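Look at the sequence and the model below.

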Amino acid sequence: MRRKYNDKYNILDRLDFISLFIWFLYGMDSIWLSLCTMIFASAVMCLALNVYWEARDQPLAGQIAVAQVVVNRANDVRYPDTVCEVVYDAKYSNGSSVPEKHRCQFSWFCDGLPDEPKDREAFEGSVLIARAVLDGKTHDLTNTATHYHSIDVNPTWSYYYKKTIRIDDHIFYK
């Protein structure tokens, strides 16, 4: 059975000098805590960027719902295992580290535009929302949706999924 994303963060490939120093001073329990903290921080930032670019103009419920879709995908065996892998899921050509334009799960990541947030206040709000969703402090308003789109588009995939809810100008599906 696949682990729920909110239970533990399963990336163990980030061991930095500070973690080694903490381990040297305080032992293995501290290194594990440090690793979990770094992994959680990474997941929060990935999710916050996605909320910022996909839903910063939405009401709070819409932003939470967009974040929940990412977590729902991370919990679903059909998608990558971690929040960051879900957010950056894209088609890459010939081993390139740059995704093909408009071939990503979330359009902001491969639209050819810079990905650095410009509105500090909106990004800070996105970080708070990402943290709350990852901490399990919100309810899944989407009824386990794994997809959504703006009402301005009508993707062909939407005919194959069940609509769960509309929040402002996003429609959610599972």
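## Disulfides in the model

Cysteine 46 and cysteine 84 are joined by a disulfide, with their sulfur atoms 2.0 Å apart. A disulfide here is a pair of cysteine sulfur atoms within 2.5 Å. This bond links distant parts of the chain: cysteine 46 lies in helix 2 (residues 28-55), cysteine 84 lies in helix 4 (residues 83-87), and the two are 38 residues apart. Helices are DSSP runs of H or I with at least four residues, numbered from the N terminus. The torsion about the S-S bond of cysteine 46 and cysteine 84 is about 95 degrees, so this disulfide is right-handed.

This is a predicted model: local features need pLDDT of at least 70, side-chain atom pairs count only at pLDDT 80 or more, and totals for chains, interfaces and linings use all residues. Residues are numbered from 1 along each chain as its sequence is written, and side-chain values use heavy atoms, leaving out hydrogens and water.

How many disulfides does the structure hold? It holds two. Cysteine 104 and cysteine 110 form a disulfide too, and their sulfur atoms are 2.3 Å apart. Counting bonded cysteines along the chain, the pattern is 1-2, 3-4.

Are these cysteines buried or exposed? Buried means under 20% relative accessible area, exposed means over 50%, and partly exposed lies in between (1.4 Å probe, protein chains only). The table gives the values.

| Cysteine | Relative accessible area and class |
|---|---|
| Cysteine 46 | 8%, buried |
| Cysteine 84 | 13%, buried |
| Cysteine 104 | 15%, buried |
| Cysteine 110 | 3%, buried |
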